[in-house]
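Let's take a walk through this model, one neighbourhood at a time. Keep the viewer open as you read.

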Amino acid sequence: MKFSYQALPWNIIFGVDALDGIDNALDALGFDRALLLTTPNQTADGTRVAELLGSRCAGHFDQAVMHVPIECVVNAEAAARKLNADCTVAIGGGSTTGLGKALALRADLPNIVIPTSYAGSEMTDIWGITEGGRKTTGRDNRVVPTLTIYDPKLTLSLPPAFAASSGLNAMAQAAVNVASNDINPLVRTMALEAVRRLASSLPRILAKPHDLDARTDALLGASLAGGALGTGTTGLHHRLCHTFGGTFNTPHAETHTVLLPHSIAFNAAATAEGTALLADALGNKNAADGIFDLAKQLKAPSSLRELGVNETDLDKAIEISMASPLSNPATISEENLRLLLDDAFHGRQPRKYA
Ligand code: NAD
């Protein structure tokens, strides 16, 4: 066996009520002028963190939005300078984490992240900023949070329908790193554990939204999935999601949810060993069916049509997805990509590819 592995500088506190120790955590890091970041939807979470931080909170920027638009980054950066902030504290989903990452990149501000969804961005070195309708992404160690505080209680407010899609977004990060020929035992171990925890916890959350054990399992699964994405690989699946999100403005988590079973089916023959491991972790004979059935069980969206995509958009999606070279286990052609997108558009059971 041969592999290489570059760890990321993760620094994590995980546990029920972990948030209550944020004042001590900031003191230990030597920060005392935090700029709090939230979306407008989560100002109440922000107020709670501000109370816990007391005088360590310099101010609250509550305008984080999806896809990290440059205008938002510039405004948050101006607020940070005006307040003489020495760090950011982002509480929210991947969009808020993304704003904290952008400020770490552009203004060298250490970022403390408190995830409240299953996006898993806090475990990756991937940043993204949208300018003029185009999202630029990159990898940089500087955006990995200085500290991540996971408190499963904060995810209790995540509506079950969004918990399902967000959890399947995390599942995608893990699944592509199990069903892969890039055999890295460290990444795969994280990814497999993520798949098991997400597959077992998401149905429990749907059945009983206030099940804190299930919420805890899902949050840990999402963290491990993000870790797999941060240190592993991406391929066709992420290219397709980026295409639909970027060009047709489909919602992030739901786009992953719809496309994942088809992306896994597409690569199944070319990644037989990894795909068998994935199937096993999902408790299904067939990995793609396992994910498709789980999404159905969770009542998550199963077709691109439901996400507002028109059938006539598929040609453009194929063109964009194939415009630049992509490393992917199965060979991609216009014909087989058309089959994949057609199935995803109509929400069909994933097919077998030769
Ligand atoms: P999001 O952050 O946009 O959240 C969606 C909405 O749900 C927001 O209004 C948010 O405030 C709200 N919300 C979040 N948690 C909540 C909770 N517990 N209770 C009530 N409301 C809550 O969506 P997301 O799916 O978490 O993140 C998507 C974004 O993250 C995308 O822009 C995506 O590109 C990015 N992302 C980045 C990476 C990376 O590695 N860089 C990885 C995954 C996702």
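Start with Thr255: at 1% relative accessibility, it counts as buried (buried means under 20% relative accessible area, exposed over 50%, and partly exposed in between, with a 1.4 Å probe and protein chains only). Before going on, bear in mind that this is a predicted model, where local features need pLDDT of at least 70 and side-chain atom pairs count only at pLDDT 80 or more, while totals for chains, interfaces and linings use all residues. Residues are numbered from 1 along each chain as its sequence is written, and side-chain values use heavy atoms, with hydrogens and water left out.

Thr255 sits in helix α9 (residues 252–267); helices here are DSSP runs of H or I with at least four residues, strands are runs of E with at least two, and both are numbered from the N terminus. What does Thr255 touch, leaving aside residues up to four places away in sequence? Its partners are Cys241, Phe244, Thr250 and Leu307, with contact meaning heavy atoms within 4.5 Å.

Follow Phe244 from there. An α-helix has 3.6 residues a turn, so residues three or four places apart point the same way. Both Phe244 and Phe248 are buried. The structure holds three aromatic pairs (rings of Phe, Tyr and Trp, the last by its six-membered ring, pair if their centres lie within 6.5 Å; planes under 30 degrees apart are stacked, over 60 edge-to-face, and the rest tilted). The rings of Phe244 and Phe248 have centres 5.6 Å apart and planes at 40°, so this pair is tilted.

Now hop over to helix α4 (residues 94–107). At 1.5 Å a residue, its 14 residues should span 20 Å, and the end C-alpha atoms are 19 Å apart, which agrees; the expected span is 1.5 Å times one less than the number of residues. Is α4 mostly covered or mostly open? Mostly covered: eleven of its 14 residues are buried, including Thr97, Gly98 and Lys101. The buried residues of α4 pack against β2 (34–37), β3 (57–61), α3 (70–82), β4 (87–92), β5 (111–115) and β6 (126–131). Just after α4, Asp108 takes a positive phi of about 55°.

Last stop: Pro159, in the loop between β8 (147–150) and α5 (160–175). Pro159 is partly exposed, with a relative accessible area of 47%. Its C-alpha atom is separated by 8.0 Å from that of Pro209, 50 residues apart along the chain.
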